[in-house]
Amino acid sequence: MSLSTNLLLRVTLPVLGLLVGLVVLLDLEMRDRVLVEARQALGRSAADAAEIVDRDLVDVGAGLEEIATSQDLRRWALADDASDGDAARLSVERAARQLVDRIPELRLVSIMDDDGLGVLEVGDDEDIPWDLRRPSPAADESSTLWKTPRWALVARTVDVGSGTLHIQASLDLQQLVVDAMGFTSRHHPGACLVLSTADNARALNAGPTCRHTDDRVAAQQELPRLGAVLALHDSPDMLLTGVRDIGFQAIQLGLLVVVAIGLITWLGLRATVVSPLQHILNVVEAFDRGQRTPPRTSQRSDELGLLETSMRNALDGLTAGHQKLTQLNDTLEARVTDRTKQLGQYAEELRAARDEAQTASTSRAEFVTRMSHALRTPLNGIIGMTGLLQDTELTEEQQEFVETVSRSGNALRALLDDVIQFSHLDRNQVELEEQDFRLRNVLRDVRADVLARAKRKGLLVELEIHPDLPQVVRADLGRIRQVLNHLTQNAVTFTTHGEIILRARPVETPDSGMQLMFEVQDTGDGIGPEARKTLFTPFQRADGRVGRDSGGLGLSLCSLLAQAMAGEIGVNSQVGRGSTFWFTARCLTVGRALPEGTRTHAASETSLEEPLHGHGQRILVVEDDLINQRVAARMLEKLGYAVDVAANGREALHAHQRDRYAAILMDCEMPIMDGFEATAAIRERSPAGEPTPIIAMTAHAMDGDRERVLAAGMDDYLSKPVSRDDLARMLQRWIPAGEVDTTLEAT
């Protein structure tokens, strides 16, 4: 016999017998049960109605609390200025009006002072008793007062300064009860809702049958906020109307029949379906616990029997698969262990390599710093003495020799600056110094820097400026000029005839920003494809020999500078037809133009057109190196200054206490007392309001050295080697024109 037939016979016959028995055993006491359930429903309705009333009271209290704690209320109460007070009062009145508009049962919001005089009233006070509109300020601020059977008062007292404000809200209780009754009447049309005090002294009722107050109280709910009780009355006749209906009894009978059918069906399924499935479940649980049972054929021939047999066969297959997985897992664990060891070794090697690289980078940076300081001190003497020698009377041959030494010294200085800057750029330790400047002035100055050298070679230098190029931009002026100077100087070096063209134009970027495109075109020999691949590599030149650009760092430094300015660099070239070097730099267009006559760094000349001379002011040179002492002293004397020399910071301190100086040129590293200690001591002992300008003249030229000397109390900074022009401009900046040292005049 099939499973479906078995279920049909087991379920249908008992259900038919049960239906006949249920008709006979109909409960005659159903009426009392209905009454109890109806009163329970009335109790829930009473609770819902009380919740509606209480929620409105909570909303009113919360609204008053928001007004009472607002800054506008206190600003209004404490305002000295009428305009400020009126603005705060309008804000408080707006908040009160929004509260009245949001809660229909709230009729009036009043604010009074200690004397009971109203200072603000929002709402409709029609039909509200006078004592509710002007209640006693002594009312309890934290409670809801029921003043009359119809009206309730919610009060809140706020201390403001030396006085007190009383915020009060008048509520229409009748409207509250009517709204709550609207909820209950939808479920109980004949019920009566009554709101009364605890002693039943005052009452407020709503509903069609509220005239029959002798009806039984079905449910009641306390309202602590009002000190009152909300009661729901009912009539037994009304509650039993549905019970008298025969249709209601039929519904009851049908429900019982459904329950009986469900019970009988469950009993039948338990015997025919649940028990076999439970047996299958036991087999699966045993398999899950690792208990392997031998396969056997089910004793049942129906669908469940076939299911049990298939399940056992599947479990056997899972057992075999589990064994294979166990073997693979063991093998995999061994492989993972070996690979983990290998990865650990690789990680250790990487950490060692990283530490070694960091150590090498630190050592290289320290070496560059020390090398820079060590080379700048003698280089200052070479360049300085060469400059002084050029001012003497020399033969034409001697003048040529001196100029050669000067150019070599300046080239060595430029190479030293490139090495330092390359070191910082290579370690990403560079910060852009953006400023506003006139771009056309920069381009003209770059052209002027190479014009004399190009004329000596018979070359033309042209400047092409795009008409859309902005007048004023914000970018790193120094680095843009550095790249332009190098590319133009390179073009003059490798061009023997023809012309050099410097171009500039704006370029739009995908992110709606702007970049500047600079091009330097020459008519030289050009560069082949293979040479272009390593052109921007350090210490490589187009012909493959080391030493391009007099030091091997020029183009590679330009490449790093372009990347630092969010740009790029490249070259277009054909052998025999010349080359065009280009680079881009991100910038911002400045909406305002610099005032006419404003001087930017781009306008600084490489040499002074008119000699700048002092007027006998006394300068103190603090320097421990004898050669640099002589160089600085002779430069200052040539510029018209009187010079005193101190070999260390202690001598400088004594000299400053003894004489008055127009400025002090301070070296940083000296024996006995260095420049930082000497500066601090001089600043501590200087008279208030009469600080002596202290200018650092040091071989420290790394990034951060300028900030360090300024933080130590010095006023400005000059890095060695120092030229006479640089020194003259620096002193002109800090010594007012025409100022004469009175001490020197007296002597």
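**Entry 1: a word to settle before I start**

I call a residue buried under 20% relative accessible area, exposed over 50%, and partly exposed in between. With that in hand I looked up Asp449, and at 27% relative accessibility Asp449 counts as partly exposed, because 27% falls in between those cut-offs. I also remind myself that this is a predicted model.

**Entry 2: the whole chain**

I began with the overall picture. I found 20 helices and 21 strands in the chain. The chain has 747 residues, and buried ones make up 41% of them. Next I looked up the contacts between residues at least 6 apart in sequence, and 67% of these join residues at least 24 apart. The accessible surface comes to about 41300 Å², and carbon and sulfur atoms account for 53% of that surface.

**Entry 3: strand 9**

Is strand 9 mostly covered or mostly open? I went through residues 228-233 and found that six of the six are buried, so I note the strand as mostly covered. I then checked the two faces. On one side I have Ala228, Leu230 and Leu232, on the other Val229, Ala231 and His233, and all of them are buried.

Which strands pair with strand 9? Strand 6, residues 192-197, pairs with strand 9 in the antiparallel sense over six bridges. Strand 8, residues 217-223, also pairs with strand 9 in the antiparallel sense, over six bridges. To find my way on the structure I picked out one residue from each partner. In strand 9, Leu230 stands opposite Leu195, and His233 is the bridge partner of Val217.

**Entry 4: salt bridges**

How many salt bridges does the count come to? I got 21, and I looked up a few of them.

My next pick was Arg481 with Asp449, where the side chains meet at 3.1 Å, N to O. Arg481 lies in helix 12 (residues 477-493) and Asp449 in helix 11 (residues 439-456), so this pair ties together parts that are 32 residues apart in sequence. Is Arg481 buried or exposed? Its relative accessible area is 12%, which means that Arg481 is buried, since the cut-off is under 20%. Asp449, as I wrote in my opening entry, is partly exposed.

Then I turned to Glu464 and Arg503, with their closest N and O atoms 2.9 Å apart. This pair links distant parts of the chain: Glu464 is in strand 11 (residues 460-465) and Arg503 is in strand 13 (residues 499-508), 39 residues apart. Glu464 is partly exposed at 37% relative accessible area, and Arg503 is partly exposed at 22%. Salt bridges that share partners join Glu464, Arg503, Arg505 and Glu519 into one network.

**Entry 5: helix 17**

I finished with helix 17, residues 675-685, and listed its buried residues: Gly675, Phe676, Ala678, Thr679, Ala681 and Ile682. An α-helix has 3.6 residues a turn, so residues three or four places apart point the same way.

What do the buried residues of helix 17 pack against? I found helix 16 (649-658), strand 19 (663-666), strand 20 (694-698) and helix 18 (705-711). Finally I looked at the N-terminal end of helix 17, which Asp674 caps: a side-chain oxygen lies 3.2 Å from the backbone nitrogen of Phe676.

Note on methods:
Residues are numbered from 1 along each chain as its sequence is written. This is a predicted model: local features need pLDDT of at least 70, side-chain atom pairs count only at pLDDT 80 or more; totals for chains, interfaces and linings use all residues. Side-chain values use heavy atoms; hydrogens and water are left out. Buried means under 20% relative accessible area, exposed over 50%, partly exposed in between (1.4 Å probe, protein chains only). Helices (H or I, at least four residues) and strands (E, at least two) are DSSP runs, numbered from the N terminus. Two strands pair if DSSP finds at least two bridges between them. A salt bridge is a side-chain nitrogen of Lys or Arg within 4 Å of a carboxyl oxygen of Asp or Glu. Contact means heavy atoms within 4.5 Å. Accessible areas come from the Shrake-Rupley method with a 1.4 Å probe; for residues, only the protein chains shown count as cover. A polar contact is a pair of N or O atoms within 3.5 Å; within protein, one must be able to donate a hydrogen and the other to accept it, and residues adjacent in sequence count only if both atoms are side-chain atoms.
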